[in-house]
Amino acid sequence: MSAGPDWFGETFRVRLGAPGHGGFCIARHEGRVLFVRHGLPGELVVARVSEDRGGSFCRAEAIEILEPSPDRVASNCPVSGPGGAGCCDFAFATPRAQRALKASVVGEQLRRLAHWDTEVVVEPIPVPAGTAAGDVPQIGWRTRVRLVVDADGRAGVHRYRGSEVIADLRCPQPAPGAVDGIADRSWTPGAELVIAVDGDGLRHIVELAPTAAPRRGGDRRATAARRAAAHARRAERVVSGSGRAVQYVSGRRWEISATGFWQPHRGAAQCYSDLVAEWADLGAGSSAWDLYCGAGVFAARLAEQAGPAGSVSGVESSRSAVADGIAALRDLSGVELFADRVERWIAARDRTPHVVVLDPPRAGAGKQVIAALAAAGPDRIIHIGCDPAAFARDIGLYHESGYRVGALRAFDAFPATHHVECLALLERR
């Protein structure tokens, strides 16, 4: 990285340009790029530099809006403004503007990384009847919340791009009642709290024991140590509820660990499951793979289409998720769920499925998995991604492997944040 001026703490008047991937808008000052949070495209703002490591860009926050966008509204999140948490990137924009910002970012990532120019529309997720007021609620949508505990035992969230804990739980994302009473209790310093409001409306609170504190620093060993500590198995203490969350999709009941994965938006699992079923369109006796299957939500819909004469194989690295899925799908004779690494499992297969569904982690599927899928040669692949850059890179790999996008849908699964969920139907050329 080339040396450059240190602008940390300085303020500049800048005009904001297009949104970038990560919840900011791009501005320029004296030949350098500023990634500015808390602003909207076209606005003239006073931006204060919050991070400068030299080189061609630095990070900043809009601390004063001189010429506001017509899309600006009063923020509904008191925790996420300048100097605050990273929970709500766009709480100050209308819902329509938020979705347009996300569509712009997804489109740009597809052009840049997949070399594919296409129109992107980000849709709201339908909300189950009776769970929230209005058709597209921007508040109370999150049924999974993860909090950190500071040295004084107070629960809160991390400051944006920092380790400091902000003990303020007024963010409007959590489902009604999710964080009630949390601020009134003292928790184990250094612990984390996982809060899940399940499909029956029951709240589960699980305290995760503190991790062994890895040393600070920016070198690779320190970074690797922090990542390992974050993903290490930790002792759990169930504080409220049973620790087993009940969930429903298309009338089927799952019972999963409250600390396990489930889509945080209350309507997301049903929305994605419906679209997967539509795109898969499996006939009786067909075969399918559900990769990174979790507890088997998509496998269930695929098996219902394929019938008892068909076969659906689900693969997931989490053994507990697989166990929960096996229990939920025990009436579907054509389903098998495997606890394994996806790339290793695919390499051992010698049969070609009709359809493959995969919902990889945020980092995407990557070259090894997509090359293996292309070699298997299914007629259709349904790919789900929650990071626009990783999703676009994977789409580019499919293009190189002889598949084309037959349909693309994007959903505002994380209102007021910069996150967006994308689903693509890939078909062999």
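**Charged pairs, aromatic rings and buried cores**

D274 is partly exposed, with a relative accessible area of 35%, where partly exposed covers the range between buried, under 20% relative accessible area, and exposed, over 50% (1.4 Å probe, protein chains only). The model is a predicted one, in which local features need pLDDT of at least 70 and side-chain atom pairs count only at pLDDT 80 or more, while totals for chains, interfaces and linings use all residues. Residues are numbered from 1 along each chain as its sequence is written, and side-chain values use heavy atoms, with hydrogens and water left out.

D274 forms a salt bridge with R301, and the closest N and O atoms of this pair are 2.9 Å apart; the term salt bridge is used for a side-chain nitrogen of Lys or Arg within 4 Å of a carboxyl oxygen of Asp or Glu. The pair links distant parts of the chain, since D274 belongs to helix α3 (residues 268–280) and R301 to helix α4 (residues 297–306), 27 residues apart. Helices (H or I, at least four residues) and strands (E, at least two) are DSSP runs, numbered from the N terminus. In contrast to the partly exposed D274, R301 is buried, with a relative accessible area of 17%. In general, side chains of opposite charge can pair when their charged atoms come close.

The structure holds 27 salt bridges. Among them is the one in which the side chains of D331 and R252 meet, at 2.7 Å from N to O. Here too distant parts of the chain are linked, with D331 in the loop between α5 (319–328) and β18 (335–339) and R252 in strand β15 (residues 252–257), 79 residues apart. D331 counts as exposed at 53% relative accessibility, whereas R252 counts as buried at 13%. Another salt bridge joins the side chains of E51 and R53 (3.3 Å, N to O), of which E51 is buried, with a relative accessible area of 18%, and R53 is exposed, with a relative accessible area of 64%. These two residues belong to a network of salt bridges that links E51, R53, R59 and R161.

Aromatic rings were examined next. A search of the whole structure finds 9 aromatic pairs, where rings of Phe, Tyr and Trp (its six-membered ring) pair if their centres lie within 6.5 Å, and planes under 30 degrees apart count as stacked, over 60 as edge-to-face and the rest as tilted. W141 and F414 form an edge-to-face pair, with 6.2 Å from centre to centre and 85 degrees between the planes. W141 lies in the loop between β7 (122–124) and β8 (144–149) and F414 in the loop between β21 (403–412) and β22 (421–428), so this pair ties together parts that are 273 residues apart in sequence. W141 is buried, with a relative accessible area of 0%, and F414 is buried as well, at 9%. Elsewhere, ring pairs link F24, F35 and F57 into a cluster.

The buried interior was described through its nonpolar cores, a nonpolar core being a set of buried Ala, Val, Leu, Ile, Met, Phe, Trp, Tyr and Cys residues joined through side-chain atoms within 4.5 Å. The largest nonpolar core has 42 residues, of which W254, Y272, L302, L329, V357 and I382 touch the most other members, and its largest share, 8 residues, comes from α3. A second, separate core of 34 residues includes V122, V356, A365 and L373. Contact means heavy atoms within 4.5 Å, and L329 touches R252, W254, A295, G296, A299, A300 and V335, not counting residues up to four places away in sequence.

Finally, G314 is placed in strand β17 (residues 311–316) and is buried, with a relative accessible area of 0%. Not counting residues up to four places away in sequence, G314 touches D290, C293, E336, L337 and F338. G314 and A339 are 25 residues apart in sequence and 8.6 Å apart in space, C-alpha to C-alpha.
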